[in-house]
Amino acid sequence: MARALRLAERGRYTAHPNPVVGCVLVKDGKVVGEGSHLKTGEGHAEVNALRAAGAEARDSIAYVTLEPCAHHGRTPPCAEALIAAGVARVNIAMQDPGEDVSGRGYGMLADAGIEVQTGLMASVAASLNRGYLKRVTERRPLLRLKLASSIDGAIAMAGGESQWITGPLARKDVQRLRARSGAVMTGIGTVLADDPSLNVRSAEIDTGGLQPIRVVLDSRLRMPLTARMLSLSGTTLVCCSGDHDSRDLQKSNAEVMPFADNGGRVDADSVLEELARRGVNEVLVEAGAELAGHLLENDLVDELVIYQAPHIMGSQTLGLVTTPSWLSLSDRQELTITDVRRIGRDTRITATLGQVA
């Protein structure tokens, strides 16, 4: 199963909106076939493993990181393929809660007389597909907030100077966060100040041609027609509130969509619901202190990724997040740090919101 979980990672940048899945077939103590799900519409992990095993698949034991599908989508059901191949037993790390699958794959295999076991390394399997699981169970993608600061928590000098706080390896690492995300979100303030592209542009990362949806929260529709991201391939979704004339912007390769107003801002929760409807599993937020703080204040952040540079910028600076509603120590947000590592000269801290019980 550990091998199957590593195989699943091969689809990290290319499989979404589908979950990442790996499969290993073992017979007489030897691996006879293995596979990964690499791209939507192409073979699932089980089918690829069966193809690699050929006739050796009969009477083998299958180790699959997620419950095999039992419905006809872009590809035939994997449960049927396992049954037809004559596997003797299927070990499933975890059940797929998707409404098209949940329990059906298990039932189809069991009805065919195949022994099925579940729960092996389930927590690891769940961590691989946190965004997918959140989308299918809560109708919301996982929101990952990326921040970069000096070691004393500054994101820019008071005059706005901010490039570059972190080093080139940290910036390259952010490309990997973008590549695994179905959408990258920012605020109009960042667009006006920095004119970002928000695309994946590292030759070292193979996304299979996929680019995340670029999402701009822009309540008053101030998006400039000359914004760099509008000249790029893929979707740029500009989210506004209220009634605005968006004809010129839509002619400039933007999709404009109105959302409810939340205290003078676009209602971010509604935007996340829309992204979930579009099949987005993970959203990466790259924004300034105001939007970052707003998301934290409204409990919309699932994970923080903070890059800290080894320098002190001093007092004439802008802080990491703006949170006007946090007025006392009791308002602070508790974090559980899940990973700390060096990225070049910088330190990357990964944390989830809240304390582990």
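Local features were considered only at pLDDT of at least 70 and side-chain atom pairs only at pLDDT 80 or more, whereas totals for chains, interfaces and linings use all residues of the predicted model. Residues are numbered from 1 along each chain as its sequence is written, and side-chain values rest on heavy atoms, with hydrogens and water left out.

The largest pocket has a volume of about 1,400 Å³, the volume being the space filled by probe spheres set on the points, which are joined across faces, edges and corners. Of its 48 lining residues, T190, D194, E286, A287 and G288 are the closest to the centre. At least two lining residues come from each of β6 (142-150), β7 (154-157), α7 (168-179), α8 (188-194), β13 (265-266), α11 (289-297) and β16 (317-319), where helices (H or I, at least four residues) and strands (E, at least two) are DSSP runs numbered from the N terminus.

Helix α11, one of these contributors, is mostly covered, with seven of its nine residues buried, that is, under 20% relative accessible area with a 1.4 Å probe and protein chains only. The buried residues are A289, L291, A292, G293, H294, L295 and L296. Just after α11, D299 takes a positive phi of about 55°.

With a disulfide taken as a pair of cysteine sulfur atoms within 2.5 Å, the count comes to zero. The sulfur of C69 has its closest cysteine sulfur in C78, and because the two are 3.7 Å apart, they are too far for a bond; C69 counts as buried, at 8% relative accessibility. For C240, the closest cysteine sulfur is that of C239, at 7.9 Å, again too far for a bond, and C240 is likewise buried, at 3% relative accessibility.

An open sheet of five strands runs in the order β2-β1-β3-β4-β5 with mixed pairing, two strands being paired if DSSP finds at least two bridges between them. Its edge strands, β2 (30-36) and β5 (115-118), each pair on one side only. Within this order, β1 (residues 22-27) and β3 (residues 61-64) pair in the antiparallel sense over four bridges, and L25 has A62 of β3 as its bridge partner.

Notes
1 Å grid on protein atoms, 1.4 Å probe; cavity = no way out; pocket = protein on both sides within 12 Å on 5 of 7 lines; lining within 4 Å. Buried < 20%, exposed > 50% of the residue type's maximum accessible area, 1.4 Å probe, protein only.
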